[in-house]
Amino acid sequence: MRTAAAGSAMREGAGQPSGARETNVLPPWRDAPLPTAVDPADTVASSPRHLSQLSLSSWAISRSSSRSEVQGGRSCWRRIKKYLVDPRRIFHKYFLLTLICFFIPGPYYHDGMVSAYKGPISDTMGLSNKEFSMLFAFSSLTGVFCGPAGMIIMRFGRTRMALAAGFVCALGSLFVVLGFEWNMFEVMLAGRFAFWLALYILLLVQTLLVYSLFEGPAMKLAYSLLILACRFGASVGYFVSGPLMRSLGVRGSLWLSVCLVFGAFGATVLFAYLFRGTTTAQTVRPLLGGARAQAKSFSCKAFADLARSVLGVILAMGSLYGAVFPFEVVADDMLQKDYGYSPDNAGFLLTSVPLVSLASPLVQPWLGSVPGKQLCSGATAFVVMVAAQVVLALQQPWSPMVGFALMGVGYVVAACSLWIVLPGLVRESVPAESAKEVEGLATGLCYAMLATFQFVSNYVAGVIKDDRSYQCVCAWFAALAGAGFLFVLVALGCRRPIASATRSTSSTREALPREVSGLTPSAAAADEAMDPPKASNVELSSSVLQEDYYIS
């Protein structure tokens, strides 16, 4: 009887699809009971049913374990990712600073390689000193557009401008090398114009981002890191110019520099994604306020708000860059022709000028904590630069070693002092509600002025070299450094800080409610409670604490 019953049961089971039989027998996997012991007496009659229960229950257990592991991995990844995407996190700010620092080394490396290969490029294309200087003078003039660009960037968005400028900068470097390949000076000149126009915008965006993301000592450290990154690209370019020319040739070395400029464009893309592209940034950043929230328009009234001390710093900035960067353009050729250096040794020694700037994070704590002391540090730096050019004009065997070292020290101290003191002078001389607008204008005017001085200095240096000697060129650079010293003294004497009581407090950030009603408890909320962000007086809306907040 038991055998007949078993056969009948097996025939009934065989008459149904296996999937339907399993669905009718078992509840859903998550509600399935754990398997129990099987009676040996019922093995023959019930083995198909019990085997199905055992297999599906085991699958349910393994599926549940897999879901737990996936959820645990997802939670772990979310906890890691929040440090990259949450604007309130200190790690997020300094990771953005790292990306901002990567905007410039590639373009500066490319520019340094072009200047280091002045001799081979001029010989191949048949360029005079004046024509080669135009590659730097005419392109440097693009910085005059940065005057109003500071306010325009604050209005239309720093992220959009960084992306557009990074792409145009990469294209400009490409056409510079193509112009050299095609032996077409006009194409090369047009590429240099586009390259430097975009590079100035990148530099301006860089500066405005540091001014808005950091304050106090953190801002000084951040800007010193910007100077380090900028000069690092030029240092590497000068240092490897000789060895690369032997191994890759001039053309191969220039194509390598183009690849690095495109790599810098990749850094702008990643920055744009983290700064404005994630759901986290779009939700949290408006709650933090900042420069974009405070300066949505611009007007000509900001020009009238510029203090005389700020104008003095702007003119001093022009003198600084007019004395340093055109000097680096002609220095390699000067070492080879006037001092008999080989291309390798000339490149190595020229590296010492930007290489000193790598110590800028160590220099900035000694520049002073108030604008007056910072201006005094800048004035001292200009005196050092004048001494450096006088030493080079003597043309003694020891002149290059001493003169180049002094130029490096003078530049890093002056650059750190002037760029760090600029926002402080603006904020102490204008009401708080217009400080961001005036700060953007002053920063843009700095780049416009340094571009104008570089244009004039590059052109004058080329004319002097065609008619006179490098000793006269050094005298020209010494005169520019002396003018910078006088401009800093003017800024120091014209400081007129307004009383703090007259400043408006309307732009002060209002603290958001410390308790947000209607929050649904979740793993994300618990995680925030265990590891709160370091930003103070800022809370999240209910959408921030959702489970998938850090996923998108």
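C416 is counted as buried because its relative accessibility is 0%, where buried means under 20% relative accessible area, exposed over 50%, and partly exposed in between, with a 1.4 Å probe and protein chains only. C494, by contrast, counts as partly exposed, because its relative accessibility is 23%. The structure holds 0 disulfides, a disulfide being a pair of cysteine sulfur atoms within 2.5 Å. The structure is a predicted model, in which local features need pLDDT of at least 70 and side-chain atom pairs count only at pLDDT 80 or more, while totals for chains, interfaces and linings use all residues. Residues are numbered from 1 along each chain as its sequence is written, and side-chain values use heavy atoms, with hydrogens and water left out.

Of its 552 residues, 49% are buried. Among contacts between residues at least 6 apart in sequence, 83% join residues at least 24 apart, where contact means heavy atoms within 4.5 Å.

The structure holds 5 cavities of 30 Å³ or more. On a 1 Å grid over the protein atoms alone, a cavity is a set of points where a 1.4 Å probe fits but cannot get out, and lining residues have an atom within 4 Å of a point; grid points are joined across faces, edges and corners, and a volume is the space filled by probe spheres set on the points. The largest cavity has a volume of about 180 Å³, and among the 18 residues that line it, Y108, L203, C230, Y321 and Y411 lie nearest its centre. Two or more lining residues are given by each of the elements α10 (185-213), α11 (216-247), α16 (308-338), α21 (399-429) and α22 (435-467). The lining of this largest cavity divides into 14 nonpolar, 3 polar and 1 charged residues, with Ala, Val, Leu, Ile, Met, Phe, Trp, Tyr, Cys and Pro counted as nonpolar, Asp, Glu, Lys and Arg as charged, and the others, Gly among them, as polar. The largest cavity lies between domain 1 (75-290) and domain 2 (299-495), because both give residues to its lining; the domain bounds come from an automatic or database domain assignment.

The second largest cavity has a volume of about 150 Å³, and of the 17 residues that line it, D111, F136, W196, F325 and V329 are the closest to its centre. At least two residues of this lining are supplied by each of α5 (105-116), α7 (129-140), α10, α11, α16 and α22. The lining of the second largest cavity comprises 9 nonpolar, 5 polar and 3 charged residues, and at least three residues are drawn from each of domain 1 (75-290) and domain 2 (299-495).

Helix α10 also holds F193 and T207. F193 is partly exposed, because its relative accessible area is 27%, whereas T207 counts as buried at 0% relative accessibility. When neighbours within four places in sequence are left aside, F193 is in contact with F138, S139, T142 and F145. With residues up to four places away in sequence not counted, T207 touches Y223, W419, T443 and Y447.

S241 is placed in helix α11 and counts as buried, because its relative accessibility is 3%. Apart from its neighbours within four places in sequence, S241 contacts M113, A116, Y117 and G347. S377 is found in helix α20 (residues 371-394) and is buried, with a relative accessible area of 16%. S377 and A414 are 37 residues apart in sequence, and their C-alpha atoms are 7.1 Å apart in space. The contacts of S377, leaving aside neighbours within four places in sequence, are with W366, L367, V413 and S417.

Backbone angles were examined last. Most residues other than glycine have a negative phi. N183, although not a glycine, has a positive phi of about 60°; N183 lies in the loop between α9 (158-182) and α10, and is partly exposed, because its relative accessibility is 46%. Q395, which is not a glycine either, has a positive phi of about 55°. Q395 is placed in the loop between α20 and α21, and is partly exposed with a relative accessible area of 29%.

Methods:
On a 1 Å grid over the protein atoms alone, a cavity is a set of points where a 1.4 Å probe fits but cannot get out, and a pocket is an open set with protein on both sides within 12 Å along at least five of seven lines; lining residues have an atom within 4 Å of a point. Helices (H or I, at least four residues) and strands (E, at least two) are DSSP runs, numbered from the N terminus.
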